[in-house]
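User: I have just opened this model and would like to learn how to read it. Could you take me through it step by step?

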Amino acid sequence: FGNVHGVYKPGNVKLSPEKLGNHQAYAKKQIGCAEAKPIYLVMHGGSGSTDEEISCAVKNGVVKMNIDTDTQWSHWSGMKDY
């Protein structure tokens, strides 16, 4: 879920990982699945997310998170500071 990539000021991007629980419940009902979380979700644009947002997303079925921007910034910062 999510589709924002890049660097943004805090507050400019609002992800709503709490909605994922509703999506899981809907999918479970539609396909008649016994699993509580039948959909394996990916969090796109996870860089800059708060601990609470990440925790909520994982709780609601996110199994992979893309954090490329954070990775690039940490690498660049390390090179620059060296």
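**Reading the model, feature by feature**

Analyst: Happy to! Let's start on the inside, keeping in mind that this is a predicted model. The largest nonpolar core is made of six residues: L15, L20, L41, M43, A57 and V62.

User: Why would residues like these be found together?

Analyst: In soluble globular proteins, nonpolar side chains tend to be buried together. To see it here, pick V62: setting aside neighbours within four places in sequence, V62 is in contact with F1, L20, L41, M43 and A57.

User: How many of the chain's residues count as buried?

Analyst: The chain has 82 residues, and 26% of them count as buried. The accessible surface comes to about 6100 Å², with 57% of that belonging to carbon and sulfur atoms.

User: Now the overall layout. Which helices and strands does the chain have, and in what order do they run?

Analyst: There are three helices and two strands. Starting at the N terminus, the order is α-β-α-β-α.

User: Could we look at one residue of a helix? Is E53 buried or exposed?

Analyst: E53 sits in helix α2, which covers residues 51-59. Its relative accessibility is 18%, so E53 counts as buried, the cut-off being under 20%. Leaving out residues up to four places away in sequence, E53 touches L15 and P17.

User: What does the side chain of E53 do with its polar atoms?

Analyst: One of the polar atoms of the E53 side chain lies 2.9 Å from the backbone nitrogen of T50.

User: And charged pairs: how many salt bridges are there?

Analyst: The count comes to one salt bridge. The side chains of K80 and D81 form it, at 3.1 Å from N to O. D81 has 57% relative accessibility, so D81 counts as exposed.

Note on methods. Residues numbered from 1 in each chain as written. Predicted model: local features only at pLDDT ≥ 70, side-chain atom pairs only at ≥ 80, totals over all residues. Heavy atoms only, no water. Core = buried A, V, L, I, M, F, W, Y, C linked by side-chain atoms within 4.5 Å. Buried < 20%, exposed > 50% of the residue type's maximum accessible area, 1.4 Å probe, protein only. Contact = heavy atoms within 4.5 Å. Helix = DSSP H or I, 4+ residues; strand = E, 2+ residues; numbered from the N terminus. Areas by Shrake-Rupley, 256 points an atom, 1.4 Å probe, with all protein chains shown as cover. Salt bridge = Lys/Arg side-chain N within 4 Å of Asp/Glu carboxyl O. Polar contact = N/O pair within 3.5 Å; in protein donor to acceptor, adjacent residues only side chain to side chain.
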